[in-house]
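Please keep the sequence and the structure in view while reading.

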Amino acid sequence: MNMSLFWLIALILFGVLEAVTVGLTSIWFAVGALAALVACAADAPMLVQVVFLGVSFLTLLLVRPMAQKYVNDRHVATNADRVIGREAVVIQKIDNLEGQGQVSVSGAVWTARSQEDQVIPVGERVRVL
């Protein structure tokens, strides 16, 4: 089989696999296959086409952490995220050692714990961290 055709098929397969999984799993190999295809089109010897492994590894190592940070962020805001920074009123004494404590935030009751294990009495105003 013509090696250019091999690398083109590999590029397409890795691209389709990435499109199906959408998890930044095989895009690195698609980039490597593209580099190998370019090397093959330039009549590079078979040994030079090992560039597939090198480019795949380098893109995985250098680009993946940045891509995951900006593209693959799967953090979903929850109700708890919406009350962070708000003021709350203690409606049940907060005592981490006894495993008790509740606060009221905007009319909703939440379980509460103190940040530094201090006991906080009923009626005290606190900030949700």
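In which loop does Asp117 lie? Asp117 is in the loop between strand E3 (108–111) and strand E4 (125–127). Helices (H or I, at least four residues) and strands (E, at least two) are DSSP runs, numbered from the N terminus. Asp117 has a positive phi of about 60° although it is not a glycine.

The model is predicted: local features need pLDDT of at least 70, side-chain atom pairs count only at pLDDT 80 or more, and totals for chains, interfaces and linings use all residues. Residues are numbered from 1 along each chain as its sequence is written, and side-chain values use heavy atoms, with hydrogens and water left out.

The chain has 4 helices and 4 strands, in the order α-α-α-α-β-β-β-β from the N terminus. Its radius of gyration (over C-alpha atoms) is 27 Å, well over the 14 Å that the globule rule gives for 129 residues, so the chain is more spread out than a compact globule. The globule rule is 2.2 Å times the number of residues to the power 0.38. Along the principal axes, the C-alpha trace spans about 80 × 25 × 20 Å. Of the 129 residues, 27% are buried, where buried means under 20% relative accessible area, exposed over 50%, and partly exposed in between (1.4 Å probe, protein chains only).

Next comes the pair formed by H1 and H2. Helix H1 (residues 3–21) packs against helix H2 (residues 27–41) at an angle of about 160°, with the axes 8 Å apart. Axes are lines fitted to C-alpha atoms, for helices over the stretch in contact, and angles run from 0 to 180 degrees between N-to-C directions. H1 and H2 are therefore roughly antiparallel, a label for angles over 145 degrees. Residues that make the contact (heavy atoms within 4.5 Å) include Trp7, Leu11 and Phe14 of H1 and Phe29, Leu34 and Leu37 of H2. The contact residues divide into 15 nonpolar, 2 polar and 1 charged; Ala, Val, Leu, Ile, Met, Phe, Trp, Tyr, Cys and Pro count as nonpolar, Asp, Glu, Lys and Arg as charged, and the others, Gly among them, as polar.

Beyond H2, Asp43 is found in the loop between H2 and H3. Asp43 too is a non-glycine residue with a positive phi of about 60°, and at 70% relative accessibility it counts as exposed. Thr59, in helix H3 (residues 51–70), is buried, with a relative accessible area of 15%. Not counting residues up to four places away in sequence, Thr59 touches Trp28, Val31 and Arg64.

Technical notes. Parallel < 35°, antiparallel > 145°, perpendicular 65-115°, else oblique.
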